[in-house]
Amino acid sequence: VALLLNMGKAAVDVKDNEGLTPLALTALGGGDDAMVQILLQRGASLLVRDGAGRNLCHLLAMGSGGDGDAENGGGEGNVTLLRRILRKAPELVQQLDARDASPILYAAQRSNGRLLSLLLTVSEEELLLHPDVDEDTVLSVVLESGNVPCLQLLLEGWQKQWGQIPW
């Protein structure tokens, strides 16, 4: 990739048919740190959205490096890239996609404990209560999944961040 970028044969923020840039595809694939470094050094934008309105935080939460339960879930690449994004563009965590879903809802839907835990520390409380177009909320998704470790993370994180749980 670096060679293609150096030769001028590839644009760093070019989009495919689904609106995915090379950085977005890297996020979906697990957040490979070397690739991320190359793309960011070449000026890749953290602010891009795909054709469904998803930003990099949404894509990280649904990426292949991030599936799993609260104890074992989430590839380190996704966690590392999310931390990098949070330092440079923390507002992405609060954004909704075209279906009104937040990045933390994506993490909950995939029982991604590592990203769920990290997103809990930076998300607004309203995002946890905000329903997407299917009326799913973070809490309803975690409860329906039956994933006890994720539920524990959610309840403990909620209480730590905002105090009393609103139900």
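The structure is a predicted model, in which local features need pLDDT of at least 70 and side-chain atom pairs count only at pLDDT 80 or more, while totals for chains, interfaces and linings use all residues. Residues are numbered from 1 along each chain as its sequence is written, and side-chain values use heavy atoms, with hydrogens and water left out.

**Confidence**

- The mean pLDDT (the predictor's confidence in each residue, from 0 to 100) of the protein chain is 84, and 84% of its residues reach 70 or more.
- Confidence is lowest in helix 1 (residues 2-6), with a mean of 57, and highest in helix 6 (residues 103-109), with 94; helices here are DSSP runs (H or I) of at least four residues, numbered from the N terminus.
- Over residues 66-74 the pLDDT is below 50, and this stretch has 30 contacts in the model beyond near neighbours in sequence, a contact being heavy atoms within 4.5 Å.

- T26, which lies in helix 2 (residues 22-28), counts as buried because its relative accessibility is 11%, where buried means under 20% relative accessible area, exposed over 50% and partly exposed in between, with a 1.4 Å probe and protein chains only.
- Not counting residues up to four places away in sequence, T26 touches G31, D32, M35, V36 and L39.
- In helix 3 (residues 33-41), the buried residues are V36, L39 and L40.
- Seen down the axis of helix 3, these buried residues fall within an arc of 95°, so they line one face of the helix; the arc is that of the directions from the helix axis to the C-beta atoms.

**Nonpolar core**

- The largest nonpolar core has 43 residues, and those with the most contacts inside it are L23, L82, I85, I104, V138 and L154; such a core is a set of buried Ala, Val, Leu, Ile, Met, Phe, Trp, Tyr and Cys residues joined through side-chain atoms within 4.5 Å.
- Leaving aside neighbours within four places in sequence, I85 is in contact with L46, L56, C57, L60, P90 and L92.

**Salt bridges**

- The count comes to 2 salt bridges, each being a side-chain nitrogen of Lys or Arg within 4 Å of a carboxyl oxygen of Asp or Glu.
- In one of them the side chains of R54 and D50 meet at 2.7 Å, N to O, and both R54 and D50 are buried.
- D134 forms a salt bridge with R99, with the closest N and O atoms 2.2 Å apart.
- D134 lies in the loop between helix 8 (125-129) and helix 9 (138-145), and R99 in the loop between helix 5 (76-88) and helix 6, so the pair ties together parts that are 35 residues apart in sequence.
- D134 is partly exposed at a relative accessible area of 46%, and R99 is partly exposed at 40%.

**Helix 10**

- V148 is found in helix 10 (residues 148-162) and is partly exposed, with a relative accessible area of 49%.
- The count comes to 1 aromatic pair, for which rings of Phe, Tyr and Trp (its six-membered ring) must have centres within 6.5 Å, with planes under 30 degrees apart counted as stacked, over 60 as edge-to-face and the rest as tilted.
- The rings of W158 and W162 have centres 5.7 Å apart and planes at 80°, so the pair is edge-to-face.
- Both W158 and W162 lie in helix 10, 4 residues apart, about one turn of the helix; W158 is buried at 0% relative accessible area, whereas W162 is partly exposed at 25%.

Definitions and conventions: Helices (H or I, at least four residues) and strands (E, at least two) are DSSP runs, numbered from the N terminus.
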